[in-house]
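Have a look at the structure first, and then we can go through its links and its confidence together.

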Amino acid sequence: AKGAEWTDPGNEKEGSLWLDEYASYCDWKGVTCDKDMRHVTKLQLSNNGLSGRLSESTGNLTFIEVLDLSDNDIKGSIPTELGLLKNLTYLRLSYNAFTGAAPEGLGEMKGLELLQLHSNRISEISLIPRLDNSIHGQSTFVTDCG
């Protein structure tokens with residue numbers, strides 16, 4: 001992560017809660033949960049200097065609707081498990097260092113309204129359908145991945 005803003009004790013809502021073993025993950029920066037505070041529905045961590053690989057465990061976030069990890073330094077392939085996220089409507093993985101083919105399961109996600117994969121090194125995206133780019137008022141890019 002980028003540094004002080006993640007662990008700054010003066011920023012209780014978005015800072016030190018990452019370090020508090022008793023704090024709910026629903027209080028962490030970039031995490032939104034359902035009204036019962038049991039399931040993650042949004043993970044919005046764009047432009048946070050995140051690096052490494054995206055874990056296949058991301059596929060366990062079965063209630064997630066928004067996943068935005070754009071503009072970081074995440075490497076490796078996009079986990080096929082993302083195709084299991086049936087509630088996902090908004091997926092932004094642009095401006096990272098993903099490689100390989102986009103998982104076929106992304107093309108089977110009926111509720112997906114916005115998909116941005118551009119500015120990666122993704123070699124194949126042929127199985128991903130065109131999406132309605134007017135829903136979120138943002139363009140839906142699945143090309144320009146090189």
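**Charged pairs, a disulfide and confidence**

K75 is partly exposed, with a relative accessible area of 37%. Its partner in a salt bridge is D73, with N and O 2.7 Å apart. Please keep in mind that this is a predicted model.

Salt bridges
- The count of salt bridges comes to two.
- In the pair of D73 and K75, D73 is partly exposed too, at 34% relative accessible area.
- D68 and R92 form a salt bridge as well, and their closest N and O atoms are 3.1 Å apart.
- Because D68 sits in strand β4 and R92 in strand β6 (residues 90–92), this pair ties together parts that are 24 residues apart in sequence.
- D68 has a relative accessibility of 5%, so this residue counts as buried.
- R92 has a relative accessible area of 19%, which falls under the 20% cut-off, so R92 is buried too.

Disulfide
- One disulfide turns up in a search of the whole structure.
- The bond links C26 and C33, with an S to S distance of 2.1 Å.
- The torsion about the S-S bond of C26 and C33 is about -90 degrees, and therefore the disulfide is left-handed.
- Both C26 and C33 are buried.

Confidence
- The protein chain has an average pLDDT of 82, and 72% of the residues score at least 70.
- Confidence in the chain is highest in strand β4 (residues 66–68), at a mean of 98.
- Helix α1 (residues 4–7) has the lowest confidence, with a mean of 51.

Conventions. Residues numbered from 1 in each chain as written. Predicted model: local features only at pLDDT ≥ 70, side-chain atom pairs only at ≥ 80, totals over all residues. Heavy atoms only, no water. Disulfide = S-S within 2.5 Å. Buried < 20%, exposed > 50% of the residue type's maximum accessible area, 1.4 Å probe, protein only. pLDDT = per-residue confidence, 0-100. Helix = DSSP H or I, 4+ residues; strand = E, 2+ residues; numbered from the N terminus. Salt bridge = Lys/Arg side-chain N within 4 Å of Asp/Glu carboxyl O.
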